[in-house]
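Hi everyone, thanks for making time.

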There are 2 protein chains.
Amino acid sequence: MRFNKPHITGNELQYISKVLETYQLAGNGIFTKKCHDYFESKYNFRKCLMTTSCTDALEMAALLCEIEPGDEVIMPSFTFVSTANAFVLRGARIVFVDSRSDHPGMDEDKIESLISPKTKAIIVVHYAGVACDMEKISKLANQYNLLVVEDAAQAIDSYFVNRKGQKRALGSLGHFATFSFHQTKNLTSGEGGLLVLNDERFFERAEIIWEKGTNRSAFFKGEVDKYGWVDMGSSFLPSEITSAFLWAQLEQLNNIQNRRVSIWKAYYDGLKDWAGCNNIRLPVIPSYATNNGHMFYLVCPSFHARKCLIEFLNDNGVKAVFHYQSLHSSEFFKEKHDDRVLENSDKYSDCLLRLPFYYDVDESSIIDLLLNFNEELQNK
Amino acid sequence: MRFNKPHITGNELQYISKVLETYQLAGNGIFTKKCHDYFESKYNFRKCLMTTSCTDALEMAALLCEIEPGDEVIMPSFTFVSTANAFVLRGARIVFVDSRSDHPGMDEDKIESLISPKTKAIIVVHYAGVACDMEKISKLANQYNLLVVEDAAQAIDSYFVNRKGQKRALGSLGHFATFSFHQTKNLTSGEGGLLVLNDERFFERAEIIWEKGTNRSAFFKGEVDKYGWVDMGSSFLPSEITSAFLWAQLEQLNNIQNRRVSIWKAYYDGLKDWAGCNNIRLPVIPSYATNNGHMFYLVCPSFHARKCLIEFLNDNGVKAVFHYQSLHSSEFFKEKHDDRVLENSDKYSDCLLRLPFYYDVDESSIIDLLLNFNEELQNK
């Protein structure tokens, strides 16, 4: 059983075929606009710009944050390389913060002591689609006048619940947020991403950077009479083929999400007792977070225990995989990192295991298999 | 009649459908490899990496050139913003060179005086798919130890012919070359690009930068036992959906090229006398270049004459358009440019007009229309 498999909803080819009929294959056409409108309206995102990847959306955010060499940004070490690379490309010094002990997300209480006069932004990663404590982070950001970027690569259709019980979509809370539509995500276009802007100050420049540093968008809106080179920028926009593909996925979002949340619950309920007996931890969803069924992970008691479990599953035809290596101890960064030990980040690097998770996964047979592993695990 | 229209060859949806069957939608799958192999074998490119755009391929080239703040790069002013942006993003100072008087390509004889100890690279743009004099440029590059990047966005299937009469494909001559598959190009995937590497020194790092700064490629080749963050990088690779689309175009490359070259010849032969009578210049293909039928342009005697011609064509239902604004006099750059006047670049900005050019364009009716314009033009 494979670890991941993108879900094809059925209308993808039909919508791509519609794109071919219009001969508007390049970006910023009808399907791009449909996707923008959908996200803005469903999740209360102020402004959306589709990108070729979440990485590219992060690079746009780094440009919009006006990161300059020497500026510092704070982010978790337990994250994908792109979270950091986007800011490294602008010359930022990355200050890595540890994960929480109960959850791979960044430890919100360890951020403040890392803020310096050079700090420009906090990059929040909603690991596994589970919210960080955005009230704490927004308060810090306000207090120190920092920008907040939500790396919401895994967090589509997930929410933060504030103390009054009000739900707000992840991605609507930071100055910027970025989403991924890579094939491993709940919704996919193969490769693809989205930049969300929630602060009007950045709207105009974002459109310019998106359109290769030109004021082409303003030109087509009739705001300027010719367009030219006005700023830095890149070709961040995906083709209409990509957006048409995504549109077919968006139409099935509720269906996909219902199914994925039910897989998650089946794993959780089916493995709760087994995990307890085996010193394995299941995911924690804090009271201020919701569950978007992106991923189901186990935290094993040790690196060795994880290795055994991966082997057992592989031997039984089930592909289960670990996740990130702590970025602070990577070959690229270890010499640049200060001396702080990030023990939780390293723990998740060593002990976290992800179970197969996709629309038509046979979760019950995986649960049954794991329940059989009881004895073997206890002997390790 | 529209100005541009992408040519759909017929197998695009079928190949995308094959991608869906494999569930490998993200990049670096079967179709990506087919495209790499095709280009490497047909054009004698040493190593190919598909990218999400030509802009992104240029950004990879800038990273591989190890451009640092203060480094200088020399490029034509009459080019697309991305040629410059990719290097501006790395902190380079752009030194713009004028176009030739007989052709919009950069004036090879004006490069040497612009080389300083800070110069790191020459960025050659093969405008309209017509080769720059690569012998001259390579000689300079060798003499001053500079890197050469061919911005071959428009130059697929075009060649440089050396003094011995040997033909070499554009893109195979610089240390790096970049191609575009934007919908306006001979071959398209809506948005898309290609980085070519012709110097083995850069192969390993290029794969790392392409894969988000990780050694994932080496891992899958069994060269390292786990992969992690080893360098800067981004998500430069396109989805398999994009590569499958392009593959359907590549299969028809000869057919597309034959048709496009015949359109070009029809325009040239049909308009030669008319142009001569009206002080309009037709494209020049130097003896060392071939013609890939990318574009057909006219150089009008004045800005005013071009305006009249555009209006005449538009009034008769034919969309004809100008091209680049000189980058050295753009809003973004004019304060950064030295005092040199780049008169040819400005002339092409003011006077160059592109005629509709696509697979099923009705070129003869456009030629007829222009022949009727004779009298009107002479009265301007």
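Before anything else, one term: when I say two residues are in contact, I mean that their C-beta atoms, placed from the backbone, lie within 7 Å. Also, this is a predicted model, where local features need pLDDT of at least 70, side-chain atom pairs count only at pLDDT 80 or more, and totals for chains, interfaces and linings use all residues. As for labels, residues are numbered from 1 along each chain as its sequence is written, while chains are lettered from A and ligands numbered from 1 in the order in which they are written.

Okay, chain A. It has 13 helices and 11 strands; those are DSSP runs, H or I with at least four residues for helices and E with at least two for strands, numbered from the N terminus. Its C-alpha trace spans about 75 × 55 × 45 Å along the principal axes. The radius of gyration of chain A is 21 Å, which agrees with the value near 21 Å for a compact globule of 380 residues. That radius is taken over C-alpha atoms, and the globule rule is 2.2 Å times the number of residues to the power 0.38.

How is chain A divided into domains? The assignment gives domain 1, residues 12–250, and domain 2, residues 253–378; such bounds come from an automatic or database domain assignment. The C-alpha centres of the two domains of chain A are 26 Å apart. Across the boundary, 32 residues of domain 1 of chain A are in contact with 27 residues of domain 2 of chain A. On the domain 1 side, α4 (81–88) and β6 (159–161) of chain A each supply at least two residues, and β6(A) has the largest share, with three residues. By class, that side has 17 nonpolar, nine polar and six charged residues. Here Ala, Val, Leu, Ile, Met, Phe, Trp, Tyr, Cys and Pro count as nonpolar, Asp, Glu, Lys and Arg as charged, and the others, Gly among them, as polar.

Helix α3 of chain A, residues 54–64, packs against α4(A) at an angle of about 35°, with the axes 8 Å apart. Axes are lines fitted to C-alpha atoms, for helices over the stretch in contact, and angles run from 0 to 180 degrees between N-to-C directions. From α3(A), the contact uses Cys54(A), Thr55(A), Leu58(A), Glu59(A), Ala61(A) and Ala62(A); from α4(A), it uses Ser82(A), Thr83(A), Ala86(A) and Phe87(A). That makes six nonpolar, three polar and one charged.

Now bring in chain B. Here, 51 residues of chain B are in contact with 51 residues of chain A. Elements giving two or more residues to the chain B side are α1 (12–22), α3, α4 and α8 (240–250) of chain B, and α1(B) gives the largest share, five residues. By class, the chain B side has 20 nonpolar, 22 polar and nine charged residues.

So how do the copies relate?
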